[in-house]
Amino acid sequence: MSGRAYSTLVTVSETMFPGITSTSSTSRYKNSMESAAIRLGNQVVSSLPLQMVLYLNVIYFPFWLAVTMMVTTVKYHLLNYLYKFVLVTVLVAVIIIEVVRLYLGYLGNLTEKVPELAGFWLLTILLQLPLQGFLLLNTDLILVPLERAAGGVMMVMVIAELVTGFMALREITRHQASKFHLQQFIASPTVVGYDNIASPAVVGYDNI
């Protein structure tokens, strides 16, 4: 009985105000899609593990730098000319890369920007990891226990940033892609055509 009354109401409404049913259906559908876009846009996908490792790295980096510079000044005269040049060059490169890398990591993770986070990850795996490995594992640099300990902790942080950075980059990329496709779908003019196809019952009521 209620279904017949609803059918009669829809038929009368369509007769008096043509298109009112499809318009309200389109409005409801668009509102639901816009709500989904808002929820997706407000979702935070920044990586907490990556941010924690970055925070610890920022705190630890001055300590590592102080230990490295102190040990380097003590053993510098014991190195041959080639390793003196190599050590100074590597240390300057490591310091510059570390500052840029941490800045890109913070910016990319907190603001969920894929290019900055990708730059952080590439600098980590292509430059910082090999350079830290050179400073930690090359015995020709006359490594001392304190230097090994400081370099070992830094190496662990770099590896942890590689793992957490890759996971964060993958998650943020998926989130940005989903948000882009949803916004494109909402702005597409084919949404109206989809509404008309998605409500065949209304067409049936019109024909009654």
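Q: Which residues make the nonpolar surface patch of about 400 Å²?

A: A patch gathers residues that have over 30% relative accessible area and no salt bridge, with nonpolar side chains (Val, Leu, Ile, Met, Phe, Trp, Tyr) joined within 5 Å and like charges within 9 Å; the areas come from the Shrake-Rupley method with a 1.4 Å probe. In this predicted model, the patch is made by Tyr-76, Val-88, Val-92, Ile-96 and Val-100. Residues are numbered from 1 along each chain as its sequence is written, and side-chain values use heavy atoms, without hydrogens or water. Local features need pLDDT of at least 70 and side-chain atom pairs count only at pLDDT 80 or more, whereas totals for chains, interfaces and linings use all residues.

Q: Is Ile-96 buried or exposed, and in which helix is Ile-96 found?

A: A residue counts as buried under 20% relative accessible area, as exposed over 50%, and as partly exposed in between. Ile-96 has a relative accessible area of 51% and is therefore exposed, and its place in the chain is helix H4, residues 81–110. Across the protein, 36% of the 208 residues count as buried.

Q: How many helices and strands does the protein have?

A: Both are DSSP runs numbered from the N terminus, a helix (H or I) having at least four residues and a strand (E) at least two. Here there are eight helices and zero strands, so that the order of elements from the N terminus reads α-α-α-α-α-α-α-α.

Q: How many salt bridges does the structure hold, and which residue pairs with Lys-75?

A: Side chains of opposite charge can pair when their charged atoms come close; the criterion is a side-chain nitrogen of Lys or Arg within 4 Å of a carboxyl oxygen of Asp or Glu. The structure holds three salt bridges. In one of them Lys-75 pairs with Glu-147, with 2.8 Å between the closest N and O atoms. That pair links distant parts of the chain, as Glu-147 lies in helix H6 and Lys-75 in helix H3, 72 residues apart. Glu-147 and Lys-75 are both buried.

Q: Which residues do salt bridges with shared partners join into one network?

A: Glu-98 and Arg-101 bridge at 2.9 Å between their closest N and O atoms, and because they stand three residues apart in helix H4, about one helical turn separates them. Arg-101 also forms a salt bridge with Glu-161, the closest N and O atoms being 2.5 Å apart; this pair connects helix H4 with helix H6 across 60 residues. Through these shared partners Glu-98, Arg-101 and Glu-161 form one network. Glu-98 and Arg-101 are buried, and Glu-161 is buried too.

Conventions
Buried < 20%, exposed > 50% of the residue type's maximum accessible area, 1.4 Å probe, protein only.
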